[in-house]
Amino acid sequence: MTAKMLCTIPCVYTKRLVDAARWLAIAITLAGIVVFYSHFSRANQTTVALTLLVLVLVLAGNWGLRYAVAASIAATALFNYFFLPPVGTFTIADTQNWVALFAFLATAIYASHLASRIREESEDANARRRESEMLYRLGRQLLQPESVAQLFNFIPSSVANAFNSPAVTLYIADGDRIYLSDPKRISSPRVAWAPDAPGAGTYADRSRSEIVLDLREAMMSPIFRPPADGFPTAIPLHIGVRPSGALLLEAISLSRETMEALSGLVSMSIERAEALEDSARSEAAKETERLRTALLDSVTHELRTPLTSIKASITALLSQPALDDPSRKELLSIIDEESDRLNHLIEQAVEMAQLDAHKVQLEIKPLSVAALIDAAIEQSRTAFPSREFRVTLASNLPRVLADAAWIEKVLINLLGNAAKYSPASQPVFVSAEPQGEMLAISVADRGEGIDPMEQSMVFDKFYRGQGQRSRVSGTGMGLAICRAIVNAHGGTISVTSQLGHGSVFTFTLPIART
């Protein structure tokens, strides 16, 4: 005897006990009505008939049609025997009483039929409402996974939780993949699950290939409701008009409309996830191509320029050994400067790669903002000796949590950009102020400004403003490096700019709490 049969036996006995208790309650109630009106209340025949009719309606509305019909026949017999003359016999003396008796029986049976139908329709409506709520919750859950692979693993458990199914199997035709809500239970539309079958998680004498064949057949079949004999509910899935898989739910019965809705919901979620992945791949391919083009442009221009100067200087030194000392010194100076420039470009590329790979170890500690700004300005004056830097700081600024070396790189980059992209006669402004839990440091210039369409792109790698590419040399990595450094500190960086009036670059750092 299987575990399933053992589980069924107490259920059958319980149902029989409930039926017996209901029949007994009906008999007691009918007897009570007869005794009450026969001995304690001398009511007329109409009152008795209406009381019996109310009982029939109550039974039909709560317990179903078969109880109500049986009670109608029994009530008709009791009404005839105890209340229609001659009382105490089933004989009816007056013809009008025959009409009243059959009218009562017909009314009781028809009214019980109507009440039972209303009850069934109400139960169906409540079942549809519950299934709609389940589908709504499931639809919200299926929006959470971010990839197709996550969605496939997420669907079985989500459907099982939404519809209270002990086990759900998802079959995807592409690759004959099977995903389970319960790793030990794989469902087949033809084979009922046997919990005591030898080999946990398998079917007796059934291989995976045989189960896959059954799943393929379920995928190609229309939606159906299996018989209530332990077989799972099989729901085919379609992407467009193409069958794509099947969904099997154990120990649950759903309406055809709900199965169709569930099939559409799961299919659309899979289609949506695949479309998002395709879109992401397309965007990634476009971004990769854009970066490749930008990098090629940067390499061909920014790296080739110092290499060309170095090559030309070395060629001149080799081909003209009799050069005088001033000319030789000038060529060597060119080689030295261009080598530094080339080294700086390579250094930027390495820093960007390290920051992207999160391989940079920050030494975060409380630091003085004034000291960071002074150190950055001191280094910037070497490259821009004639530039004026104006610093405006409050005397009681809090300390920030930062890595001194990396934040100085951010400041030097911003100060250098402000100096390069603004007239030499204009100063560069530096300020700082607290903003809640963060401290904002701003670097402002009075240059030409940045077009509003470009302000969201200036922090992208290798991007350079359309109007500045030919006037000022650069690789387009400086601001991208700044953003990566600031993000690694838990801050943000942004730009505010107006054409013809200059730009303000602001980044934030967390305030050190002592």
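## Salt bridges, cores and surface of a predicted chain

The side chains of D174 and R177 form a salt bridge, with N and O 4.0 Å apart; the term stands for a side-chain nitrogen of Lys or Arg within 4 Å of a carboxyl oxygen of Asp or Glu. This is a predicted model, in which local features need pLDDT of at least 70, side-chain atom pairs count only at pLDDT 80 or more, and totals for chains, interfaces and linings use all residues. Residues are numbered from 1 along each chain as its sequence is written, and side-chain values use heavy atoms, with hydrogens and water left out.

The structure holds seven salt bridges, and three of them are set out below.

| Salt bridge | N to O distance |
|---|---|
| D174 and R177 | 4.0 Å |
| E277 and R281 | 3.5 Å |
| E437 and R513 | 3.4 Å |

To describe how far such residues are covered, buried means under 20% relative accessible area, exposed means over 50%, and partly exposed lies in between, with a 1.4 Å probe and protein chains only. D174 counts as exposed because its relative accessibility is 58%, whereas R177, at 31%, counts as partly exposed.

E277 and R281 both belong to helix α7, residues 256-319, where they stand four residues apart, about one turn of the helix; helices (H or I, at least four residues) and strands (E, at least two) are DSSP runs, numbered from the N terminus. Both of these residues are partly exposed, E277 at 23% relative accessibility and R281 at 47%. The salt bridge between E437 and R513, with N and O 3.4 Å apart, links distant parts of the chain, since E437 is in the loop between β8 and β9 while R513 is in the segment after β11, 76 residues away. E437 and R513 are both exposed. Salt bridges with shared partners also join E277, D278 and R281 into one network.

The chain as a whole has eleven helices and eleven strands, and 39% of its 514 residues count as buried. Among contacts (heavy atoms within 4.5 Å) in the chain with a separation of 6 or more, 67% are between residues 24 or more positions apart.

In soluble globular proteins, nonpolar side chains tend to be buried together. A nonpolar core is here a set of buried Ala, Val, Leu, Ile, Met, Phe, Trp, Tyr and Cys residues joined through side-chain atoms within 4.5 Å. The largest such core has 39 residues, and those with the most contacts inside it are I407, L411, L414, L415, L439, I441 and F507. At least two residues of this core come from each of α9 (369-383), β7 (400-402), α10 (404-420), β8 (428-435), β9 (438-444), α11 (478-488), β10 (493-498) and β11 (502-510). Helix α10 gives the most to this core, with seven residues. If neighbours within four places in sequence are set aside, I441 is in contact with V369, I373, L411, S431, A432, F505, T506, F507 and L509. A second, separate core has 28 residues, including M134, F152, I155 and L247.

Strand β3, residues 233-239, is mostly covered, with six of its seven residues buried. β3 pairs with strand β4, residues 242-249, in the antiparallel sense over seven bridges, where pairing requires that DSSP finds at least two bridges between the strands. One of these bridges joins A234 to its partner L248 in β4. The hairpin of β3 and β4 has two residues between the strands, and in this hairpin G240 takes a positive phi near 75 degrees.

Positive phi values are also found in residues other than glycine. N164, in the loop between α5 (148-163) and β1 (168-172), has a positive phi of about 55 degrees although it is not a glycine, and N164 is exposed, with a relative accessible area of 59%. D176, in the loop between β1 and β2 (177-180), has a positive phi near 50 degrees.

The accessible surface of the chain comes to about 28,700 Å², of which 58% belongs to carbon and sulfur atoms; accessible areas come from the Shrake-Rupley method with a 1.4 Å probe, and for residues only the protein chains shown count as cover. V35, F36 and F40 make a nonpolar surface patch of about 330 Å². Patches consist of residues with over 30% relative accessible area and no salt bridge, like charges being joined within 9 Å and nonpolar side chains (Val, Leu, Ile, Met, Phe, Trp, Tyr) within 5 Å. F40 lies in helix α1, residues 3-40, and F40 is exposed, with a relative accessible area of 66%.
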